[in-house]
Amino acid sequence: MKLDSMIRTLDDKRERIQCVEVLGKDNNNLLLISIYLPSTGTRDHYEDFIDTIDQLNEIVLKYQDTHYMIIGGDLNENLGNTDRINKRKDYLEKFVKETNLKYDNEGKTFVKVNGEECSELDYFLHKLGKIKPTHKQVMNSIMNNTSDHHPIKMKILYGIANDSDCKHLTKDCTNRTVKWDKVDIDLYVAMTNEHSDSILNMPLDTLEQASSVLEQVHGFLNDAAVTCASNKPRYKAKPKLNVWSPDIKLALDEMCKYYAQWVKQGKIKDPENNIYQQRLRTKKEFRRQVRIENAKVKDTEKQRIMETRTKDAKLFHHQVKSSNRKTRGNAIMDLHVGDICMSGEQNVIEGFKLHFRNLATPEESTVFENRQYHQEVEYEIGLITEIVKGTNIPPDTLEELQKAIISINKGKSADIYGITVETILHAGKNLEWLLLNLINIIFKESKVPDMLKEGLLTPVFKNKGEKNIATNFRGITALPVLNKVIETIVKVRINPAVLVTQNVTQREFTAGSGPGNAALPVEEIYREAKDNNQEYELVLLDAKSAFDAVIHSHLMKRLYHAGIDDKHWTIIQSMHTNATSAVKWNGQTSELFNVLQGVRQGGILSTDLYKLYINPVLNMLETSNLGCRIGNILCNTSACADDVALMSKKTTDMQVQINMANTFAGMEGYKLQTKKSVAINIKPKPTRKETLLEEYTLNEATMLRVESAMHLGIIRTNSMKQNIIANIEENIKKSSAYALLGSSFHGENGLDMETVIHLFKIHILPVLLYGMDLLTPRSLNLEKLEKFQKKMLKQLMSLPTNTPDPAINYLTGILPVEAQIHLKVMTLFINVCTQPN
């Protein structure tokens, strides 16, 4: 029986306490706790002792109702000696009594340097219910024991769970990270070629055989990567020692040697004593070596950043983030899922699973509300399935496969099988031929094996709201790498049809376009209001979990109408049939759950599919001829993925546009949120007299009218002037709070000035000038940005505040803010002019 799935460590971030959980039959789990209580040899030993007991008490109280418990280790107090009384022992005995823990006194376990057994310090404290343990046994006759403690032993009869009992439990998913720059690539290629060659000789004609081969491929790729990776053992440093080197090891050995001699002499603190002098000298040398190594690490870190700036831009950004990243764990002890509060590490992952499973399951109300429409769609899907069944698609070619593998982003997390794209990229040619055969079988059968549809979903905080609320997380799914390869090949093939169908107002997920292009029409309406001295209306619609609410049958209907009418359609349908995901959190994964709706964020095809899904509502708004016009150009809608902005001069037109968008959302199964969808009245001037504004309704509720709202990272207010003021203040605040450069990266002893300026350009300036190419600030507002830039540059360069401003531009090569904004405006202008539509 494999024990890996029955045993897991509970990481409570405690130095002196380690916990291991053993899964038992009928959910009777066992908690094994190893503990080392502080000895009396330190100044703060009593406080440390009490603190460790309190930590242990927390663990006991947390698990005593759900687990059997055995606590074993060096307690550094003799519970069997009734003659010796002290505060430490009293506190320990009180803890044992209050928690109803049992123990045995069976003999002395601690041995002095002269070989005399003097006290019993090692114990098993246990709480085992009906399980009867054997008496503790002191193993004092082991000849090769070099410790000053005798080992102790105790036996219990305990039933361990089998594999079937563990299927519903979370499992450890911490795959060993392979550092490909340390891998012996030649050996890896040889190993993968050998395994691939043996499989290529096997029959591979059916989908069942392909599934069997896939399991073997995942296995030998993992094994080969681990075998060929550098496995140099790392020194086990003490908890507070963050560095290690051969010199430190020598110094430590020397220090321990003289310390032992000093203890043997009786710890004589005589300055004339040679052993005492040697002890002080070796201790000083040990600390000196640690300081030297710390300085080397710090200097190496800075040097790597300076070198990678010109050699490897990706590594450069990674180094900067690593050097300045604060300790941020996923320390969530309570997670609110709807009205339910899930407490404890185990329950948090179950809470995330519940939340994302709910998102992946269609609401019954949606189906019953539009039953006839859904039935019509399902009937149409049945017809389409029959139509495309007789079509054929070209087989995959080696060139297509190679281009697909190269195009997938590197440096990403491993999939649920521990495979990354580098695992395939660095393998031999034989693997490429093997994968080509597998993909062509999938193309021929028009079915994707279920094992390639198992996603690993990681909850990612949206940086909005509280971290203990599940709705403030989005799920990013890492799909199996071979699935990504297939999606990439299919995406390239269907992309021309998608681009032809895509509405011109949809600017996200499109080559050469982005949020700036989507924000431009909105900005133009503000300028139109000012030029014409008229008021306009802006409505920002917010869809609830738009990507997660996509109904698969409706999506497949859109796909067919877009011109994907061959077996590529069937392959995409297969990717969404019997799809499953597991939540990954803090190194653990939940059980798999079914994904019955939605496009998975992180999938290669997801962006194109979502654009097709909401395309009809953009087409309807465009053909309605309602809303704003600039000259003879209709500008009533701007879309960036699921962020849709509606613009109109007339309130009646706007209400009709809202109704159209809401009707489409209701038919397609997602909801426009009344509390987050807002309306803004655009005025020519901020001082214009207030007028009585009409209210809009959404889902039979009154839509909120606000003074300002965020749209695509730009604050939108009631007037163009207020837009500029609000965004400049926000950008300066973000840039000031941007913890980019730690104290060791600037000043006289920090990075070289060229690297510091480079960091400023790529991390601070984009934040400071975001949206300014659209807002184009002038005079006083422009001066605010200019002053901030000059002030920060002087601080980074350690220059006095009275340094002439032109000198800053000469020394850094950074243009004045106004010139940078002009360049951004020209770049946006060229981008707009070169758009195909």
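These legends walk you through a few close-up views of a predicted model.

View 1. Glu 399 is exposed at 51% relative accessible area, and Lys 403 is exposed at 54%.

**View 2. A salt bridge between Arg 493 and Glu 400.** The two side chains come together at 2.8 Å, N to O. This pair links distant parts of the chain, as Arg 493 belongs to helix α14 and Glu 400 to helix α11, 93 residues apart. Arg 493 is partly exposed, with 21% relative accessibility, and Glu 400 is partly exposed too, with 24%.

**View 3. A salt bridge between Arg 705 and Glu 537.** Look for the side chains meeting at 2.4 Å, N to O. Arg 705 is in strand β26 (residues 704–705) and Glu 537 in strand β15 (residues 536–541), so the pair links parts of the chain 168 residues apart. Glu 537 is buried, at 3% relative accessibility, whereas Arg 705 is partly exposed, at 28%.

**View 4. A patch of positive charge on the surface.** Lys 283, Lys 284, Arg 287 and Arg 291 gather here. One of them, Arg 287, lies in helix α6 (residues 274–311) and counts as partly exposed at 48% relative accessibility.

**View 5. A polar contact in a loop.** Asn 503 is found between α14 (481–501) and α15 (515–532). Its side chain makes a polar contact with that of Thr 505, at 2.6 Å. Asn 503 counts as buried because its relative accessibility is 2%.

Terms used
Residues numbered from 1 in each chain as written. Predicted model: local features only at pLDDT ≥ 70, side-chain atom pairs only at ≥ 80, totals over all residues. Heavy atoms only, no water. Patch = residues over 30% accessible without salt bridge, like charges linked within 9 Å, V, L, I, M, F, W, Y side chains within 5 Å. Areas by Shrake-Rupley, 256 points an atom, 1.4 Å probe, with all protein chains shown as cover. Salt bridge = Lys/Arg side-chain N within 4 Å of Asp/Glu carboxyl O. Lys, Arg positive; Asp, Glu negative; His and termini not counted. Charge placed at Lys NZ, Arg CZ, Asp CG, Glu CD. Helix = DSSP H or I, 4+ residues; strand = E, 2+ residues; numbered from the N terminus. Buried < 20%, exposed > 50% of the residue type's maximum accessible area, 1.4 Å probe, protein only. Polar contact = N/O pair within 3.5 Å; in protein donor to acceptor, adjacent residues only side chain to side chain.
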